[in-house]
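Subject: Structure for your review

Dear colleague,

I am passing on the structure we spoke about, and below it you will find an account of what came out of going through it. Please have it open while you read.

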Amino acid sequence: MSDASPGHHTGSPGSTHTYFLGENMATRRSTGRSVLLWIGAGLWVILPFGLIAAIVLWSGQIRFTEAAETWTPVETGQAQTDSPMELALGWEQGPVLRAPAWTGLITAVQPPRTTVAHGDVVVTIDGIDRIAAHTPAPFWRPIGPDTIAGADIGALNTLLGDLGLARGTANTFGSGTARGITQLAKKLGAEGDTFDPAWVLHLAEPRITVGAAAFSVGQTAPAAGEELFAPRPRVTAALVTGEGMAPENEGPLGGGGNGGARAALPVFDAERIMRMPVPAEAILRVGGTEIPLEETRDSVTAEGLAALTETVGAGEAKVRALISQTTQTQGWQVPAAAVYGVGAASCVLTKDGPVRVEVSAGEGGSVVVSGELSTASRVLLQVPAERRACP
């Protein structure tokens, strides 16, 4: 008989299998953790070296582009010259501006001025701006929807258009005229849909030269026909002549009876003035201002006369002027940045090598040099130090 009875045994086959299976799984987990730790440690060591190697390999592929060279052509030498001249001036007394039928109190005036032009605000009366207008005739009646057609309505339509407002057409009152009047009233500080002729000061010319204003804030508005500004002479002719060849004044304008003073404008005799035309490519300047010339190049345009009126002393018989022109000079014009120095010598670098030059003049970033150059030469800008040499 066996020592082991059916009811007594140390363990069943199933319990033994379970024990060994659990032991194997624990071992596998421990091994897996060890492998992961070793892999992590390896990556921690290898990755920095790999990254450094990648950077080195990538940097080896980089090629830095050298700064592009700039070569510029050589031009024939030019220089700006100014020659003194004179303008002989003719004068006349300017027109007088007179007040229309104004009433009320002057509440604002404009800064001192030398001219009054079409569309300018001249004075403010009872808070309403009064503007100057160059029209064929003064406005003489209110203009509204019931106004009979007439030339003054046509002038008003033109004025509204000049001011950038709505306007009608021809000499009739239309919806555009009505809108424009409303806009004009708002612009001037007035109200209503009827045009008031007292809003406008008539100008016989688009621009009139004036002297000092004859009104000030707080005064009653000038009565109809009163002078608004002191009359001021204006230049009516200006002829180009040589330095010292224009006629002289006999005395200051508007002086009393002392010291040879004169009270009239100088006499202008165009026949006695020797004209000297300005070269076609030259510019005539007075006090830094360019003065436009007629096609004959020996007299000033109407625009130039207006400019002279505002800048020259009233009644002066002449004014100094300069004729500016570009002339060809001996030598070559090159950018100043192309010239470099080696000791006491100056050179430029051409496609054929360095060329020694002598610098004679310079203006606006360019210099005129003399040396063995030609119109086919090209010079290098910003020559680097290692390439600077002079023969």
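A residue is called buried here if its relative accessible area is under 20%, and exposed if that value is over 50%. Please keep in mind throughout that this is a predicted model.

With that cut-off in hand, F229 counts as buried, because its relative accessibility is 5%, and F215, at 10%, counts as buried too.

Aromatic pairs

The count of aromatic pairs comes to three. One of them is formed by F195 and W199, whose ring centres lie 5.7 Å from each other with 90° between the planes, an edge-to-face arrangement. Both partners are buried, F195 with a relative accessibility of 1% and W199 with one of 3%. The pair of F215 and F229 is edge-to-face as well, because the planes of the two rings stand at 75°, with 5.6 Å between their centres. This pair links distant parts of the chain, since F215 sits in the loop between β8 (207–213) and β9 (229–231) while F229 belongs to strand β9, 14 residues away.

The largest pocket

Which residues lie nearest the centre of the largest pocket? They are R98, P100, P138, L201 and H202, out of a lining of 18 residues in total. The volume of this pocket is about 240 Å³. Strand β7, which covers residues 200–203, supplies the largest share of the lining, namely four residues. Sorted by class, the lining of the largest pocket consists of 15 nonpolar residues, two polar ones and one charged one.

Helix α3

The helix α3 runs over residues 175–188, and its 14 residues span 20 Å from the first C-alpha to the last, which is close to the 20 Å expected at 1.5 Å a residue. Its buried residues are G176, T177, G180, I181, L184, A185 and L188. Viewed down the axis of α3, these buried residues fall within an arc of 165°, and therefore they line one face of the helix. On the face turned away from that buried side, α3 carries the exposed residues S175 and K186.

With best regards

Note on methods. Residues are numbered from 1 along each chain as its sequence is written. This is a predicted model: local features need pLDDT of at least 70, side-chain atom pairs count only at pLDDT 80 or more; totals for chains, interfaces and linings use all residues. Side-chain values use heavy atoms; hydrogens and water are left out. Rings of Phe, Tyr and Trp (its six-membered ring) pair if their centres lie within 6.5 Å; planes under 30 degrees apart count as stacked, over 60 as edge-to-face and the rest as tilted. Buried means under 20% relative accessible area, exposed over 50%, partly exposed in between (1.4 Å probe, protein chains only). Helices (H or I, at least four residues) and strands (E, at least two) are DSSP runs, numbered from the N terminus. On a 1 Å grid over the protein atoms alone, a cavity is a set of points where a 1.4 Å probe fits but cannot get out, and a pocket is an open set with protein on both sides within 12 Å along at least five of seven lines; lining residues have an atom within 4 Å of a point. Grid points are joined across faces, edges and corners, and a volume is the space filled by probe spheres set on the points. Ala, Val, Leu, Ile, Met, Phe, Trp, Tyr, Cys and Pro count as nonpolar, Asp, Glu, Lys and Arg as charged, and the others, Gly among them, as polar. The expected span of a helix is 1.5 Å times one less than its number of residues. The arc is that of the directions from the helix axis to the C-beta atoms.
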